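Dear colleague,

I am handing over the structure we spoke about, with my reading of it set out below. Please look through it with the structure open beside you.

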Amino acid sequence: MTTDVPPDDENKLIAERRAKLAAWRRAGAVYPNAFRRDTLAAQLHMSFGDKSAEWLEANPTPVHVGGRMMLKRVMGRASFAQLADRSGQIQIFLQSDALGEAYERFKSWDLGDLVGAGGTLFRTKTGELSVRATELQLLAKALRPLPDKWHGLSDTELRYRQRYLDLIMNADSREVFRVRARVVRYLRDFLDALDFLEVETPMMQPIPGGAVARPFKTHHNALDLDMYLRIAPELYLKRLIVGGFERVYEINRNFRNEGLSTQHNPEFTMLELYLAYADYRDLMEWVEKAIRGLADAVHGSRKIEYQGRSYDLAAPFRRLTVEQALIAHNPGIDPLSLRDLTYLRKFCAEHGIAVHEHDGAGKLQIEIFEKTVEHELLEPTFIHAYPAEVSPLSRANDADPFVTDRFEFFLAGREIANGFSELNDPEEQAARFRAQVARHDRGDEEAMYFDADYIRALEYGMPPTAGLGVGIDRLVMFLTNSPSIRDVILFPHMRPESS
């Protein structure tokens, strides 16, 4: 796979650059490591951007800059180059008289090469802040040509597959991942201020639990034990609640053996938190506050543009039960038959929704919800009162045990967060696990396993607790106007390159 250069031409350019590297090797030490940069391009523009040419001449400022050469103009005995570092770009002015042999070597260097330069600041006749180089080094040779600078890197698959090239060429991509880092930092600061403790729980687990999902399986040779990459940290975090850590959170990877799409990557990042002496309603307030705070921190505004649509995060977030949402988004559905298994099976058949013979009314409600409602939930919306059948770890509602004290938060037509009052009755949890095992035995590969040690932990007593999972990737998608989850994951999983 190439960039913007035909394969034959690219191979020729690579061969020419390898020949230059060979000549560099013959001339002496290559890939030097003694050069030290003392300032960044953005720092120079910030500190000296308003200084006049006269001021810079009267106050000589020595600097050492380094970066990737993105532009090169050779004009006889004087030339210009543009170096890009992590902060931005700075122009270098090079003269044969000042650099001698280094200038002659520079003329054969290529775009993409890593270059170090030392000199003093000045302004060119066109007014551009620049470094007048008195020393110059080639630090690393780029053996492959960069994409044409006028076209950038437009091949979407190539951007994901060769992220390093995407980051070199696309300032917008670099900004997405800077925003991602700010989102994670904001959430950490938010939780730390509320006296949460950040913890780490196992990535490899003997029993996959904490979510309804298909796990990845591996084998530990020394223990001769099958293990699973975790689908969620939930059951371990709740063990910590039992142990007395009343507010805990983890920001880390989960792994689910599912398909690839604009919303799904088998390896993804979640914030998961648990707090004792709280319930799901406290978490809805927390989510609403955190989403607004993130908008303020990232954009300085609660009005966000995402994929051509404007979202007002300042308005109160909508709240509907699952059944209210089904009625609101399915005008022909019978409100009085939403728990009637025969009616729901007929409705699914009429609307092309696949069902399994062991699915109960709660499962069918969610199948209908996912097919007919979820993608229409554009404005920030909490959907709550999920059926107990699809919520094996959630506490049943006291007034209506068909549903649980659980919610999911939707924004721009996709789920962002899932939270609930935790089931802390060990006998009821054991019964829920057994029901999940029965589903697994009937062929449901996403059903949960029975975790006897977690039941034992609950038998020591877990206080009333609320838990929440937030999809970091999807949240960053919204805050960076990114259409695909692959845009916000540095190295998304992809099919192997075709030979």
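L378 is partly exposed, with a relative accessible area of 28%, where buried means under 20% relative accessible area, exposed over 50% and partly exposed in between, computed with a 1.4 Å probe and protein chains only. This residue sits in the loop between α13 and β15 (381–384); helices (H or I, at least four residues) and strands (E, at least two) are DSSP runs, numbered from the N terminus. Its C-alpha atom and that of G413 are separated by 4.7 Å, although the two residues are 35 residues apart along the chain. Not counting residues up to four places away in sequence, L378 touches R309, Y311, L411, A412 and G413, contact meaning heavy atoms within 4.5 Å.

Before going further, please keep in mind that this is a predicted model, in which local features need pLDDT of at least 70 and side-chain atom pairs count only at pLDDT 80 or more, while totals for chains, interfaces and linings use all residues. Residues are numbered from 1 along each chain as its sequence is written, and side-chain values use heavy atoms, with hydrogens and water left out.

N481, in the segment after α16 (472–479), also counts as partly exposed, at 35% relative accessibility. Leaving aside neighbours within four places in sequence, N481 is in contact with E305, Y306 and Q307.

Turning to the helix pairs, the axes of α11 (residues 322–329) and α13 (residues 361–372) come within 10 Å and cross at roughly 50°. Axes are lines fitted to C-alpha atoms, for helices over the stretch in contact, and angles run from 0 to 180 degrees between N-to-C directions. V322, E323, A325, L326 and H329 of α11 meet Q365, I366, I368, F369 and T372 of α13. By class, this contact has 6 nonpolar, 3 polar and 1 charged residues, where Ala, Val, Leu, Ile, Met, Phe, Trp, Tyr, Cys and Pro count as nonpolar, Asp, Glu, Lys and Arg as charged, and the others, Gly among them, as polar.

The axes of α12 (residues 341–350) and α13 come within 9 Å and cross at roughly 30°, and α12 and α13 are therefore roughly parallel to each other. On the α12 side the contact is made by L341, L344, R345, F347 and C348, and on the α13 side by A361, L364, Q365 and I368. Its make-up by class is 7 nonpolar, 1 polar and 1 charged residues.

In helix α9 (residues 234–243), the buried residues are E234, L235, L237, K238, R239 and I241. They pack against several elements, among them β10 (247–255), β11 (267–276) and α14 (426–441). After α9 comes G244, whose phi is positive, near 110°.

For the chain as a whole, the secondary structure comes to 16 helices and 18 strands, and 50% of the 499 residues count as buried. Residues 24 or more positions apart account for 65% of the contacts with a separation of 6 or more. The C-alpha atoms fill a box of roughly 90 × 50 × 50 Å, taken along the principal axes.

Key: Angles under 35 degrees count as roughly parallel, over 145 as roughly antiparallel, 65 to 115 as roughly perpendicular and the rest as oblique.
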